[in-house]
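Please keep the sequence and the coordinates at hand while reading.

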Amino acid sequence: MFSLTVRRHFMIAHSLPREAFGPAQGLHGATFVAEVSFRRRELNNDAIVLDIGAAGGILEEILEDLNYKNLDEHPAFKGKLSTTEALAKHIADAMATRIQDTEDGPALAGIDVVLRENPDAWAGYSLELAAK
């Protein structure tokens with residue numbers, strides 16, 4: 001299995017209003033490093049997983065919708081907890097939708113999203129795709 005990863009960062013504000021989140025129950029900011037990896041069983045005719053520029057551009061478009069936003073007010077998270085894990089799934093789902101329209105999108109076997117909150121803590125989500 002081959003993989004290619006692109007990375008960008010973004011900043012959000014949110015609250016996690018449940019006792020389990022301790023001091024993070026109140027509104028606070030977070031800066032995430034988003035790493036998105038694309039998996040593919042065989043390389044394309046150019047011997048790559050997919051166009052790294054296109055992958056990075058799509059990730060930037062997805063993060064633009066989140067960057068500097070209060071996720072408590074974001075329609076995608078209305079009535080939902082915007083945990084790091086949930087945010088990783090949101091990014092993976094959005095990436096899957098958009099990458100499918102690229103030349104290499106249908107050949108992808110999976111997308112893995114890792115969101116790093118700091119050097120010692122991160123969460124992720126893996127999405128399996130039906131490669132054609």
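How many bridges join strand E1 to strand E2, and do these strands run parallel or antiparallel? Strand E1 (residues 2–14) and strand E2 (residues 28–40) run antiparallel and are joined by 13 bridges.

## Basis of the description

This is a predicted model, in which local features need pLDDT of at least 70 and side-chain atom pairs count only at pLDDT 80 or more, whereas totals for chains, interfaces and linings use all residues. Residues are numbered from 1 along each chain as its sequence is written, and side-chain values use heavy atoms, with hydrogens and water left out.

Helices (H or I, at least four residues) and strands (E, at least two) are DSSP runs numbered from the N terminus, and two strands pair if DSSP finds at least two bridges between them.

## The sheet

Five strands make up an open sheet in the order E3-E1-E2-E4-E5, with mixed pairing. Its edge strands, each pairing on one side only, are E3 (69–70) and E5 (121–128). Within the pairing of E1 and E2, Phe10 has Phe32 of E2 as its bridge partner.

At the other end of the strand order, E4 and E5 pair in the antiparallel sense over eight bridges and form a hairpin with two residues between them; Asn118 stands opposite Ala121 in E5.

## Helix H1

Helix H1 (residues 52–64) lies across E1, E2 and E3 and runs at about 20° to E1, where axes are lines fitted to C-alpha atoms, for helices over the stretch in contact (heavy atoms within 4.5 Å), and angles run from 0 to 180 degrees between N-to-C directions. At the start of H1, a side-chain oxygen of Asp51 reaches to within 2.7 Å of the backbone nitrogen of Gly53.

Ala55, Gly56, Ile58, Leu59, Ile62 and Leu63 of H1 are buried, that is, under 20% relative accessible area, with exposed meaning over 50% and partly exposed in between (1.4 Å probe, protein chains only). Seen down the axis of H1, these buried residues fall within an arc of 160°, taken from the directions from the helix axis to the C-beta atoms, so they line one face of the helix. The elements covering them include E1, E2 and H2.

## Helix H2

Helix H2 (residues 84–99) lies across E1, E2, E4 (110–118) and E5, running at about 145° to E4. Lys89 is found in H2 and counts as partly exposed, because its relative accessibility is 35%. The C-alpha atoms of Lys89 and Tyr125 are separated by 5.5 Å, although these residues are 36 residues apart along the chain.

Definitions and conventions:
A polar contact is a pair of N or O atoms within 3.5 Å; within protein, one must be able to donate a hydrogen and the other to accept it, and residues adjacent in sequence count only if both atoms are side-chain atoms.
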